[in-house]
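Take a moment to look over the fold before reading on. Then follow the paragraphs from the whole chain down to single residues.

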Amino acid sequence: MDRRFLTLDALRAVGALMVVLTHVGFHTGRYPRGWTGAMLAHFDLGVALFFVVSGFLLARPWFAASAAGTPPPSTGRYLWKRALRILPLYWVVVIVCLLAAPANSDVGVGGWIANLTLTQIYTQDSHAYGLAHMWSLCTEVAFYLALPLVVRLLTPRDRLDVRRVLVVSLLLAVGGVVFAAGARSWFDQPFAAEWLPAYLPWFLAGTALAACSVDPGMRARLDRAARDLAGWWLLALGLFVAACTPITGPTGLVDAPTPAESALKCVLYGAVAVCVIFPLVFGPELEGTVRRWLAGPVPSALGEISYGIFSMHMFVLLMGMELLGFGTFNDRFWTVLGMTLVITIPVAALSYLFFERRVMRLRSWRPSVLRPSRKPEPEPERGPAEAEAATSTTAASESA
């Protein structure tokens, strides 16, 4: 029986909360305060978790189809479901921020268009108040659009060759690390380091894990290696501690990192994310207290609303600090964190229950001209390995 990846929702929640913590730490001036500040400054690692999980869950249906010898997923339906999951809530948050925040009163038509189309990282001075964190969503959406082409490059004959996937992914990832190192000096554009190529290594790490997970032989070997969850997470902790040192660059926004620091940060963050995720997508799915707890109702529920938490928290954080009269960099970390979470989590839950989930009901809709006019041919009988590779990948990707 194929696994359902029940713990990955919890990782989304962890990633979203890490992003909240790093933003609260920055705006309350906690970054310069020793090791705790350094850790808060590097909790943007949550973005790496998001990207690796996305690469894994979204690429896996294509690889499963290749392994089973069945037609690949429909690109149009895939993009339709991605648009339904991302755009409606995003547009609501953008409109609220641009209309409700006085600091956005001078945002012109170009700024509105850039923010509504997720192209603000490709233009000058388009980051709006309460929306600066959306750069990572721009990058993720760029990956959504590129994924069908990436999968075609990795499986050119619609037959899965795991070794090819690993080799090509590694070569592309090296190119991404080089881009991350040089983007700030190559382009006269302040947000070039936020473009997709700089983060392609994290997405490709997820796609490589996805390819391995649908190959029975490779998965059997990796299942044995992944049994030691504590060992993998201790390794992740050690790599994260290394990433919190000055070798990955300054923690503030004034001084830019050197090319070497940018490259090392990209590699270390990706390695930490892989070490965290690896024993959850391989090994015993629900064996042990930690795995069972991560698959439990509270972490899963937080994972389901994690997109809302991520999208809304910055506006709540900044407006809340203004209403409370807290100046930027004037501490009050715990008060600001509590205020942000107490407001954001319930609002995100309501948004998921009464808005996002209802919108997602449209994911099965297709225009009548695209519906098949006759019944599809019956599928050929599959062998055990092919059937297992194709099982439940749709359910896992639906929740991505």
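How many helices and how many strands are there in the protein? There are 17 helices and zero strands. Both are DSSP runs numbered from the N terminus: a helix is H or I with at least four residues, and a strand is E with at least two. The model is predicted, so local features need pLDDT of at least 70, and side-chain atom pairs count only at pLDDT 80 or more, while totals for chains, interfaces and linings use all residues. Residues are numbered from 1 along each chain as its sequence is written, and side-chain values use heavy atoms, with hydrogens and water left out.

Start with the overall shape. The C-alpha trace spans about 65 × 50 × 45 Å along its principal axes. The radius of gyration is 21 Å, which agrees with the value near 21 Å for a compact globule of 400 residues. That radius is taken over C-alpha atoms, and the globule rule is 2.2 Å times the number of residues to the power 0.38.

Now look inside. Buried residues make up 52% of the 400 residues. Buried means under 20% relative accessible area, exposed means over 50%, and partly exposed lies in between (1.4 Å probe, protein chains only). Next, take contacts, meaning heavy atoms within 4.5 Å. Among contacts with a separation of 6 or more, 77% join residues 24 or more positions apart.

Which residues touch the most other members of the largest nonpolar core? They are F63 and W202, in a core of 123 residues. Helix α3 (residues 45–68) gives this core its largest share, 15 residues. A nonpolar core is a set of buried Ala, Val, Leu, Ile, Met, Phe, Trp, Tyr and Cys residues joined through side-chain atoms within 4.5 Å. Leaving out residues up to four places away in sequence, F63 touches V151, L154, T155, L160, V165, T207, A210, A211 and V214.

Helix α4 (residues 75–100) has 26 residues. From first C-alpha to last, α4 reaches 37 Å, close to the expected 38 Å. The expected span is 1.5 Å times one less than the number of residues. Still, α4 has a kink of about 30 degrees centred on A83. Helix α15 (residues 333–360) bends by about 45 degrees at Y352. The bend at a residue is the angle between axes fitted to the seven residues ending there and the seven starting there. Y352 is also one of the buried residues of α15. The buried residues of this helix pack against α1 (8–27), α2 (34–41), α4, α13 (297–304) and α14 (306–324).

Step back to the loop between α14 and α15, where D331 lies. R332 is found in that loop too. Phi is near 65 degrees for D331, a positive value in a residue other than glycine. For R332, also not a glycine, phi is positive and near 60 degrees. D331 counts as partly exposed because its relative accessibility is 23%. R332 is partly exposed at 46%.

Finish in helix α14, which holds S306. S306 counts as buried because its relative accessibility is 3%. The S306 side chain reaches the backbone oxygen of G303 at 2.7 Å. Beyond four places in sequence, S306 touches R12, A13 and A16. The C-alpha atoms of F310 and L17 are 7.9 Å apart, though 293 residues separate the two along the chain.

Note on methods: A polar contact is a pair of N or O atoms within 3.5 Å; within protein, one must be able to donate a hydrogen and the other to accept it, and residues adjacent in sequence count only if both atoms are side-chain atoms.
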